[in-house]
Amino acid sequence: MSTVTEANMTSNLFSIGAERLALLGKHHKALMQGYVAGYVDEAAFSEIALKKLISARILWRPDEQQPLALRPLVSELIASMVADESRRQINADVAEKLEQIRNRVQAYRDAQYKGDYSVAELQLQRLTEQVYDLSGQFEEAIDSLWHRLNSDFGFVSSLDDKIRENERAQKQLRRLLDGLDLLDFNELIELAEGNNHLRKLLVSQLQNQLSSHHSSLLEVQKRLLELLAKFRQQQARSMLITNMAAFLRQHPKYQPADYANRSEVPVLFNQAAAIKPQAAIALDRASERQQLAELVRHLPRPSLTTQPQQQSGSGSMLQEDAAIIARQQALKVDVENFYLKVIDNAGTPGTTSTLSALDYLLEKQLAWDSEIWLYQIIAEHQALPVSEKQLFKITREEAAQSEMNNLLLIRDINIGLQITA
């Protein structure tokens, strides 16, 4: 009975889908004109055709005061087919896809448990489609980002537009990376539960595909950062030229000073390196050979006892290496004491939950440079095992280097102990 019902549902789905695809093909010119214009000309359709297109969820009226328009999913389909990046949206909602995969796996297992192998085969086929759809979603989004790099960045009117496009692409890339982070393969392994088909589909194939997508996203991110640095440099030069042009318009009689004839040249213009005069022996002058021979005769001769000097030099190098190792060990010990202080603060009532690295440096009157101190604290935190690293909550106080440069510099680090109940 269930097989007959499933066959009837498949037949109805096929007939409805074929009918609505035929509607798209029959009115393709008018629908494409509506995609370009942003609204659909109702005069281009008959009354019966309009009713069919609305009931088929191809057209809709957003508001009573607005004209008919294509549904968002239809517009997204056209934008994806023609690679229209200005209207194409990247869907990075991975959580919904994962929930669908979990439900499909459960339905597949229920059908196997009941012994209905035809339904189980159908559920496995749909699960395969959903898994490939999830991977294809990332692949399509990455292609969209590469297309944006190769098109939108090169055909905008100003550097500000380029920077805005860059920031928009970086936000979409960040959403895609967050979507990849939602995929927990430990959970997928538990869903497979020893089933060969599920393990191959949910673990082996999906992991290989997502690893490739992750590498591609890192390449896109690298390219975006290179372009942003280039755009910032161009923007700084453009602002310099624009401000100079505005200054010349305000002072049309301005004449640059003759800096070459001044005794004190400003530092801005005095960038040339000093010329080092070179001298050589004039062997072609016979009159100066006697004087040259006297100079050579008075040159100091090198000492022949060089072995003791080499030994003393090697001994001094060993002493310097030992001093460097001792200094590094002392820095490591101070950083370990800082982490112990963080742990003690977490267990002491009436104290703050986090500890500032620079405040601790000043409190203990340590002689370390602040930059070296912060770097060593970060290095020690990165060197911890994963289980211990999760116990510490690290917060960086960052600030931009300048108004013209968005490079973030770490000013201080606050570390606290995360105690879970």
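This is a short tour of selected sites in the structure, stop by stop.

**Before you start**

The model is predicted: local features need pLDDT of at least 70, side-chain atom pairs count only at pLDDT 80 or more, and totals for chains, interfaces and linings use all residues. Residues are numbered from 1 along each chain as its sequence is written, and side-chain values use heavy atoms, with hydrogens and water left out.

**Stop 1**

Select residues 196–250. This is α9. Helices here are DSSP runs of H or I with at least four residues, strands are runs of E with at least two, and both are numbered from the N terminus.

Now pick Arg223 and Glu226. Their side chains meet in a salt bridge, 4.0 Å from N to O. A salt bridge is a side-chain nitrogen of Lys or Arg within 4 Å of a carboxyl oxygen of Asp or Glu. The two residues are 3 apart in helix α9, so about one helical turn separates them. Arg223 is partly exposed, at 38% relative accessible area. Glu226 is partly exposed too, at 43%. Buried means under 20% relative accessible area, exposed means over 50%, and partly exposed is in between (1.4 Å probe, protein chains only).

Stay in α9 and select Ser204. Ser204 counts as partly exposed, with 38% relative accessibility.

**Stop 2: from α9 to α7**

Select Arg232 and Glu167. What joins their side chains? A salt bridge does, at 3.9 Å from N to O. Arg232 is in helix α9 and Glu167 is in helix α7 (residues 159–181), so the pair ties together parts 65 residues apart in sequence. Arg232 is buried, at 18% relative accessible area. Glu167 is partly exposed, at 33%.

**Stop 3: a nonpolar patch**

Show the surface of Met244, Phe247, Leu248 and Tyr254. They make a nonpolar surface patch of about 340 Å². Patches are made of residues with over 30% relative accessible area and no salt bridge; like charges are joined within 9 Å, and nonpolar side chains (Val, Leu, Ile, Met, Phe, Trp, Tyr) within 5 Å. Accessible areas come from the Shrake-Rupley method with a 1.4 Å probe, and for residues only the protein chains shown count as cover.

Where does Tyr254 lie? Tyr254 is in the loop between α9 and α10 (289–297). Tyr254 counts as partly exposed, at 34% relative accessibility.

**Stop 4: from α11 to α13**

Select Lys332 and Glu380. They form a salt bridge, with the closest N and O atoms 2.9 Å apart. Lys332 lies in helix α11 (residues 307–347) and Glu380 in helix α13, so the pair ties together parts 48 residues apart in sequence. Is each one buried or partly exposed? Lys332 is partly exposed, at 30%. Glu380 is buried, at 15%.

**Stop 5: a salt-bridge network**

Select Glu99, Arg102 and Glu187. These residues are linked in a network of salt bridges. The structure's count comes to 8 salt bridges.

**Stop 6: the second largest pocket**

Select α13 (370–383) and β5 (408–417). Each supplies at least two residues of the lining of the second largest pocket. Which element gives the largest share? It is α13, with 5 residues. The lining residues divide into 7 nonpolar, 1 polar and 2 charged. Ala, Val, Leu, Ile, Met, Phe, Trp, Tyr, Cys and Pro count as nonpolar, Asp, Glu, Lys and Arg as charged, and the others, Gly among them, as polar.
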